[in-house]
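User: Hi! I'm new to this one, could you walk me through it?
Analyst: Happy to. Here it is.

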Amino acid sequence: MAVTLLALVGGVAVAPAGADPVNRGTHTVGYHGYEIEVPDSWQVVDLTEQPDACIRFDRPTVYLGRPGARSSCPAHLVGRTAGLLVEPLDASSAQRITGATARAVGGTAVAPAAVSRNAEIRVAVEDAGVLVTAAHTPETEPAVRRVLDSATLAAGAERTPVPNRADATPLAAAGPQPGTFAGKGFDACAAPSAATMNAWYASSPYRAVGVYISGATRACGQPNLTANWVTDQTAKGWRLIPIDVGKQAPCSTFSNKMSTTPATARSQGSAAADASVAAAQSLGIPAGSALYSDIEGYPSTASCKASVLSYLSGWTDALHARGYLSGLYSSASSGIRDAATEYDNGAYSRVDHIWYAWWNNAADTNTGTYVPAGYWADHQRIHQYAGDVAETWGGVTVSIDRNYLDVRTATTSPTGCTTTNLSFTAYPTLTSGSTGSRVSAAQCLLKSAGHDPGAGTPTGTYDAGTAAAVRSFQTARGLPGDGITGPKTWTALLSRGSSPVIRTGSTGEAVTRIQRALTAALGRTVGIDGAFGTGTESAVRDYQSSRGLSSDGIAGPATWSALQSGK
């Protein structure tokens with residue numbers, strides 16, 4: 001393969017204008033004897049000449065050289081296309097080498113079996129002494145791999161073995177993140193250098209920093225974010241807010257979107273949580289930490305909301321299974337408000353923390369009309385109160401978003417309710433001493449309603465804790481507080497949640513919920529299939545007429561209100 005190179009500038013080789021590249025529509029770019037063919041539309045940035053350039057992947061770019069200590073990244077940059085960072089292989093870059101990093105085959109610049117982790121492919125090319133980090137989305141991964149597969153070694157390549165880290169001490173954050181903390185924090189698109197963090201710790205009012213650890217919609221590269229960085233910064237007193245920027249709402253303008261099918265969206269949220277936990281663990285961020293799913297603002301609709309909350313349910317359940325807390329970052333007027341409106345809906349798993357963008361310049365955790373004051377009220381809030389501002393502390397300027405935190409360390413464990421069956425042909429009266437799957441269902445419904453029967457829920461045994469939780473729920477619903485789960489309590493438990501108008505032809509979670517509630521209220525089996533057919537319409541009419549409601553077969557506000565009151 002012939003490659004035409006005329007000049008080396010700062011270690012960067014670029015084919016001259018008019019040169020015919022190996023692949024039509026591409027041009028040759030080289031650094032330290034490592035050469036690749038990149039599309040003509042991609043930019044090339046020489047970090048030797050532009051040391052403060054932001055490593056950003058929202059536009060296709062190849063960055064060549066060592067990233068500077070004071071990169072000038074916009075604060076609130078989200079979205080990704082593709083890009084590469086090619087940097088010297090040395091002790092500094094070696095801190096980003098993990099078990100997922102591929103090594104080029106000896107005598108070549110290609111690693112055919114390179115895997116992608118968190119939408120990044122990392123290859124150590126020892127025969128050229130470079131470390132290559134390739135960012136992509138699911139859609140652009142094939143193109144990025146073509147660029148990596150085009151790599152060759154050129155004259156001037158010098159071998160540099162991967163530095164030996166066998167004697168490295170295991171690294172870990174100083175406890176769960178962000179832990180227990182009340183005060184100001186900031187987030188920046190790229191984790192600042194250690195020097196910047198030191199300058200800001202000495203002179204700024206901030207003690208917490210948001211860091212983007214995972215997700216295929218992250219825009220900025222993270223050359224500073226390593227396990228060493230996490231260990232050093234938390235040891236100095238910084239609190240970390242770990243962020244995942246993954247799939248976005250299906251009604252948003254982003255290309256990387258979650259499914260419009262709620263069940264699929266839930267599985268996507270679970271997969272995102274698994275990937276984020278893997279990233280957190282590689283950085284030394286331990287279990288007990290909160291990981292925040294960044295879902296940017298969107299024009300909410302009923303179907304879009306269902307996808308987002310299903311995705312977050314999968315995210316939350318998977319994080320809890322791994323011992324992490326779940327957080328949601330979104331705009332107060334979209335994702336946060338949607339989560340708040342379904343706060344008590346047992347069909348969704350509630351996130352542990354909310355982090356809401358409401359740029360009102362008030363450093364507090366007041367949510368205004370977006371979230372009731374009693375929701376996420378136990379030190380579970382972060383308020384992003386200003387955005388895209390440049391601040392200078394200790395002589396160092398960074399573009400940031402400003403935040404106020406009121407959070408605390410908490411423990412979590414799998415609820416055990418994610419696979420518990422709630423659909424039965426009958427809902428018999430349960431009392432102390434009852435056992436079985438229906439007891440487990442009642443316990444999970446009580447827990448999701450905020451009336452926890454106790455440790456280990458569901459146990460399947462109707463014990464004193466379950467009876468106490470039932471009495472608490474009954475009192476809240478205006479029912480006699482006898483601690484017995486009879487038809488009225490079952491009806492109220494099973495119908496709890498949102499109350500959309502549903503009728504013949506409707507489908508989904510609300511239909512399933514009303515079918516269960518009608519089975520309990522009428523004392524007869526109503527088919528529970530999530531489809532509002534003739535059988536469900538007949539059951540609704542029967543319920544309405546027996547409760548003195550207008551018998552139209554349509555479940556509207558009056559019907560839902562009666563069911564949720566246990567009538």
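User: Which way is the link of C251 and C304 turned, left-handed or right-handed?
Analyst: The link of C251 and C304 is left-handed, with -75° about the S-S bond. Keep in mind that this is a predicted model. The two sulfur atoms are 2.0 Å apart.

User: Where in the chain do C251 and C304 sit?
Analyst: C251 is in the loop between β15 (239-244) and α4, while C304 is in helix α5. The pair links distant parts of the chain, 53 residues apart.

User: How many disulfides does the structure hold?
Analyst: The structure holds 3 disulfides. Another of them joins C189 to C220, with an S to S distance of 1.9 Å. The torsion about that S-S bond is about 105°, so the disulfide of C189 and C220 is right-handed.

User: What does the pair of C189 and C220 tie together?
Analyst: C189 lies in the loop between β13 (181-187) and α2, and C220 lies in the loop between β14 and α3, so the pair ties together parts that are 31 residues apart in sequence. Both ends are buried: C189 has a relative accessible area of 2%, and C220 has 1%.

User: OK, and which cysteine is joined to C54?
Analyst: That's C73, with 2.0 Å from S to S. The link of C54 and C73 is right-handed, with 100° about the S-S bond. C54 is in the loop between β5 (43-46) and β6 (61-64) and C73 is in the loop between β6 and β7 (83-88), so the parts tied together here are 19 residues apart in sequence. C54 counts as buried at 7% relative accessibility, and so does C73 at 8%.

User: Switching topic: which residues touch the most other members of the largest nonpolar core?
Analyst: Those are F186, W200, I213 and W229, in a core of 55 residues. The elements that give two or more residues to this core include α2 (194-203), β14 (208-214), α3 (227-236) and β20 (396-407). Helix α5 gives the largest share, 9 residues.

User: Why would side chains like that gather inside?
Analyst: In soluble globular proteins, nonpolar side chains tend to be buried together.

User: What does W200 touch?
Analyst: Leaving out residues up to four places away in sequence, W200 touches F186, Y206, R207, W238, E391, W393, V396, V398 and I400.

Terms used: Residues are numbered from 1 along each chain as its sequence is written. This is a predicted model: local features need pLDDT of at least 70, side-chain atom pairs count only at pLDDT 80 or more; totals for chains, interfaces and linings use all residues. Side-chain values use heavy atoms; hydrogens and water are left out. A nonpolar core is a set of buried Ala, Val, Leu, Ile, Met, Phe, Trp, Tyr and Cys residues joined through side-chain atoms within 4.5 Å. Buried means under 20% relative accessible area, exposed over 50%, partly exposed in between (1.4 Å probe, protein chains only). Helices (H or I, at least four residues) and strands (E, at least two) are DSSP runs, numbered from the N terminus. Contact means heavy atoms within 4.5 Å. A disulfide is a pair of cysteine sulfur atoms within 2.5 Å.
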